[in-house]
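This report describes the strand arrangement and the aromatic contacts of one protein model. Please keep the sequence and the structure in view while reading.

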Amino acid sequence: NQPTKAKAKYMGSGPSGLSVRQDSVVGSKDSPEQTENNEIYYVFNQKLLQLCDQVPKIPKRASMVHTLIEAYDLLDHVTPVSPEFATKDELLTFHSQEYIEFLERVNLEEDSEKDEELKQQFGLGYDCPSLPLVYDFVRLVAGASLSCAKALIQQKCRIAINWNGGWHHARRDEAAGFCYVNDIVLAILKLKEHFNRVLYVDLDLHHGDAVDDAFIFTPKVMTVSLHKFSPGFFPGTGSLNRVGGGRGKFYTISVPLKDGIKDEQYSDLFTRVIEQVRVKFQPSVVVVQCGADTLSSDPMQSFNLTPLGVGQCVSRVLSWKLPTLLLGGGGYNMANTARCWSYLTGLVLGQKLPSEIPDHEFFLEYGPGYQLEVCPAHYTNYNTVEYMETVAKAITKNLENVR
Ligand SMILES: O=C(CCc1ccccc1NC(=O)c1cccc(C(F)(F)F)c1)NO
Ligand SMILES: [Zn+2]
């Protein structure tokens, strides 16, 4: 039951430009999809891929990820679900009216000089270039992660995947760090209505700052972010002593790392931290942002992970058998990001994927080896054993204050 192209009905152009009514065949309100209780929800449709393909710094990445997953025949083992657009009210559960109405208004503008200073005020400009149809993009990306959250709440699945989500820098009232909408905060706010304790794990190279900030004062959401922390590196937050505040103190865990870390050291530290988190926090649902800019040969050239290392962390969380939402994020080597998220999708399905990249539309992007595996680079690793011990001990100490 592939989601067919959503039959978008343009209902004439209202003040905000196009107002689109989306009749998605699968998963619409009036006809809940008949799921043969397939455990893995995989959210996408052609519109979402098309909008995400246009994001400047990740051209065609969404389609490369999706078509590689399809080429590996993984779609036959998941429940593909076509997402709805998030409603304006849903966006307003986190974002400000001014920001959302601004996006609504510039949705259709060409990149005109108009509103230039307004664009700056809302973070559009340098880090977050103006996107064509930015409002449609924001509503569908958020809608996809919300569809996953709703499916987990309604127990239609145990694992839900949105590789086009994971935009962890978007702030309440402005785009930031190349993120236009914080689909993660929206999904967690939805999950929080039905699950007592939400664990958020951020594996992206960058600190998940805006998600941390959104939940820094509450003990109902524990955020764990592993990230590069070094002078001048974006976003600059996420030091070891960032532990949260008020009633949420010690429910924010920052794991600051240096350049060059490899799979074994990364997953060992992750395991040490996350197993303590599990015992102390006892999450009832988990959200994992799987940003792939940590991989070796990412243009970020910072960490030296391979999909195996990321997979060890995700496997650890999946072994808890809790309702789990997997999201994408960064990842600027498009082929390696597609390799990573295809590998993770296979992992979720318990399927080992053959090394040879199957023939498909983007096959040539996988040259010269045309293999699924990513080889580590020869980077210097600045994470000494002593440094890692210091980080692990500090986190253990902080966690003594939880429960
Ligand atoms: O990946 C991110 C956002 C990274 C970011 C934050 C703030 C300003 C710009 C960026 N993105 C980049 O620097 C970037 C994005 C794509 C490709 C590159 C490249 F230059 F390394 F290729 C760099 N968060 O998880
Ligand atoms: Zn990143």
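In this predicted model, eight strands form an open sheet with parallel pairing, in the order β4-β3-β5-β10-β9-β6-β7-β8. The edge strands, each pairing on one side only, are β4 (79–81) and β8 (252–257). On average, neighbouring strands of the sheet are turned by 15 degrees against each other, direction ignored.

One pairing joins β3 (residues 40–43) and β5 (residues 159–162) in the parallel sense over three bridges. Within this pairing, Ile40 stands opposite Ile159 in β5. Helix α6 (residues 134–153) packs on the sheet and touches β3, β5 and β10 (324–327); the direction of α6 makes about 175 degrees with that of β5. Helix α12 (residues 385–399) also packs on the sheet, where α12 touches β7 (221–228) and β8.

The aromatic side chains are considered next. The model has 10 aromatic pairs, and two of them are listed below.

| Pair | Type | Centre to centre | Angle between planes |
|---|---|---|---|
| Phe137 and Tyr180 | edge-to-face | 6.0 Å | 90 degrees |
| Phe178 and Tyr332 | tilted | 6.0 Å | 45 degrees |

Phe178 lies in the loop between β5 and α7, and Tyr332 in the loop between β10 and α11 (334–348), so this pair ties together parts that are 154 residues apart in sequence. Both Phe178 and Tyr332 are buried. Phe137 is buried as well, with a relative accessible area of 3%, and Tyr180 is buried with a value of 1%.

Charged groups also meet rings. The charged end of Lys57 sits over the ring of Phe178, 5.1 Å from its centre, and that of Lys228 sits over the ring of Phe233, 4.4 Å from its centre.

Notes
Residues numbered from 1 in each chain as written. Chains lettered and ligands numbered in written order. Predicted model: local features only at pLDDT ≥ 70, side-chain atom pairs only at ≥ 80, totals over all residues. Heavy atoms only, no water. Pairing = 2+ DSSP bridges. Helix = DSSP H or I, 4+ residues; strand = E, 2+ residues; numbered from the N terminus. Axes fitted to C-alpha atoms, helices over the stretch in contact; angles between N-to-C directions. Contact = heavy atoms within 4.5 Å. Phe/Tyr/Trp six-rings, centres within 6.5 Å; stacked < 30°, edge-to-face > 60°. Buried < 20%, exposed > 50% of the residue type's maximum accessible area, 1.4 Å probe, protein only. Lys NZ or Arg CZ within 6 Å of the ring centre and 35° of its normal.
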